[in-house]
Structure formats: C-alpha cells, structure tokens
Amino acid sequence: MGETEGKKEEADYKRLQTFPLVRHSDMPEEMRVETMELCVTACEKFSNNNESAAKMIKETMDKRFGSSWHVVIGEGFGFEITHEVKNLLYLYFGGTLAVCVWKCS
C-alpha cells in the first residue's frame, strides 16, 4: 500500500512540474526559447527513454544551429564542460529530470 501511494505522489509531482526551469543559459533569447521548446517536446515524446530524447534534441540542434551539439538527460549527474560562448542551456523538467545542451567544436 505504501509503495503504491509513493508512486502516485511522484506521478502527481511530475504532472505538476510540466514547465522547464532554466538553471543556467548564455544563449540568445530566441535560441534559448526554441531549445527549451525542443527539450520539452523530446522529453514528453520519449518520457521513458532519455537516450532517444537526447538523440532527437542533438539531431535537431545540429540541423538548426550547425554541428557539434551535445546533450545529456538524466536524474542524477554532475558535469563540468567546456563550451562555446552563447551555446549552453541547462534546465530542469518534469520535477527531477535535468537536461544539459551545449555546443563545442
């Protein structure tokens, strides 16, 4: 009984957190908005497969803004990266999911 209630509370929490919360970004406004929308779409479309969501984001960013984009999606990770200026977006989505998108050549 307790396990079922815990899963229901987690599902309710994720449903409430349906907006992206930007942790850090140095992207221009238009690029940031487009990237955020892409991240939300990919994470919703592939809600049970972070690898597919990351692949969709990377391929779209490569086509839209040129190659060498990198994407990490997950619930518990740390990172330290080198990136091109004005090409980083780090956000939270769905309560616990973190998405990091950056470009480096």
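Which side chains meet in a salt bridge at 2.8 Å, N to O? In this predicted model, where local features need pLDDT of at least 70, side-chain atom pairs count only at pLDDT 80 or more and totals for chains, interfaces and linings use all residues, the side chains are those of E34 and R64. Residues are numbered from 1 along each chain as its sequence is written, and side-chain values use heavy atoms, with hydrogens and water left out.

Helices (H or I, at least four residues) and strands (E, at least two) are DSSP runs numbered from the N terminus. A salt bridge requires a side-chain nitrogen of Lys or Arg within 4 Å of a carboxyl oxygen of Asp or Glu. E34 is partly exposed at a relative accessible area of 29%, and R64 is partly exposed at 43%; buried means under 20% relative accessible area, exposed over 50%, and partly exposed in between (1.4 Å probe, protein chains only).

The whole structure contains three salt bridges. R32 pairs with E29, the closest N and O atoms being 2.4 Å apart; both residues lie in helix 2, three residues apart, about one turn of the helix. K58 pairs with D62, again with closest N and O atoms 2.4 Å apart, and these two residues lie in helix 3, four residues apart.

Helix 3 (residues 50-65) has 16 residues and reaches 22 Å from its first C-alpha to its last, close to the expected 22 Å, the expectation being 1.5 Å times one less than the number of residues. Its buried residues are A53, A54, I57 and M61. They cover an arc of only 95° around the axis, and therefore lie on the same side of helix 3; the arc is taken over directions from the helix axis to the C-beta atoms. E51, K55 and K63 are exposed on the other side. The cover over the buried residues includes helix 2 (29-45), strand 2 (69-74) and strand 4, where contact means heavy atoms within 4.5 Å. Just after helix 3, G66 takes a positive phi of about 90°.

K103 is found in strand 4 (residues 97-103). K103 is buried yet has no salt bridge, and the nearest side chain of opposite charge, E84, is 4.4 Å away; Lys and Arg count as positive and Asp and Glu as negative, while His and the chain ends are not counted. The side chain of K103 reaches the backbone oxygen of F65 at 3.1 Å.

How values were computed:
Polar contact = N/O pair within 3.5 Å; in protein donor to acceptor, adjacent residues only side chain to side chain.
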